[in-house]
Amino acid sequence: MAKQKIYRMGEFAQRLGVSRDLIKYYEKHQILTPQREEGNQYRYYYHDQYPAILISRKLQNTGCSLREIQRLLCEAAPTETAAETDRQMHQLERELQLKTLFLEKLKRLYPLQQQAAAGTFDGSWTTGPRPALTFFPFSAYDRLLELEGDDLAALGDWVNATPAADYCGLVREGTLTYGFAIPQEQAQALGLTGSGLVTLPPCQSFWYAMQSPRRPLDHEVGTQGEEIDLQTAPALSMLARLGLEGEEPICIYNLFESHAEGKFCYFQQVSIPLRG
């Protein structure tokens, strides 16, 4: 019976379409163990070791660490590998869900960026539906909220959900808070939580686009009323000129930033529910 064929590192890597550095990396983390012959420092690898390379690449692409891969290949029982596969499936399902939402959001954002590039963004307006929203506040108008425990962990989930979740200011009952807003259905599908969540009902809304300069970090903060006026006055003025009436809660979306001719500015969209 013929002996199993062995390969030097370079040939082994070349035939598998991977780099020598990857072979060395897997060897360092005890995923591969080469054979060494007395009298030289060459590393030799068996034909039967190639599945470990392919499986390791697959596991890395699904988010496993090298320590997890080494354990799964060398130590884990079938019950553990099944549990790991279950974890990977749930992780990938969430990633696919998020990426789908990101793509939908970017498709909506792109035309607005094109308007900004063409100089037609500022002051443009339209009316249209605003879906039911879930809002997670993490900042008052002039300071960060002191979140603790589960809410602090939830904030990390909301940050990771951007850009599907929008950074947003909310004017409600004369107060201004900042946080993340996302359609209610998407918040539920992604399992986004928090004890201070605000639910906003669906409405027909007036949408107004405006460009605002980014103020210096050390600027003096005005009163909350002054800040609300600064954020909403252009939209409310246009609403009045059109003979329409609005009400709260008002959403102020920060869409993107721009730096042109040495000036930073925000491109925002204000959403005001239409009365009646």
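Leucine 242 counts as partly exposed, because its relative accessibility is 34% (buried means under 20% relative accessible area, exposed over 50%, partly exposed in between, with a 1.4 Å probe and protein chains only). The model is predicted, so local features need pLDDT of at least 70 and side-chain atom pairs count only at pLDDT 80 or more, while totals for chains, interfaces and linings use all residues. Residues are numbered from 1 along each chain as its sequence is written, and side-chain values use heavy atoms, leaving out hydrogens and water.

Leucine 242 lies in the loop between helix H8 (224-241) and strand S10 (250-260); helices (H or I, at least four residues) and strands (E, at least two) are DSSP runs, numbered from the N terminus.

In helix H1 (residues 9-16), the buried residues include Met9, Phe12 and Ala13. They cover an arc of only 95° around the axis, which puts them on the same side of H1; the arc is that of the directions from the helix axis to the C-beta atoms. On the other side of H1, Gln14 and Arg15 are exposed. Glycine 17, which follows H1, has a positive phi near 75°.

The structure holds 9 salt bridges, each a side-chain nitrogen of Lys or Arg within 4 Å of a carboxyl oxygen of Asp or Glu. One of them joins the side chains of glutamate 27 and arginine 43 (2.9 Å, N to O). Because glutamate 27 lies in helix H2 and arginine 43 in strand S3, the pair ties together parts that are 16 residues apart in sequence. Glutamate 27 is buried, at 16% relative accessible area, whereas arginine 43 is partly exposed, at 27%.
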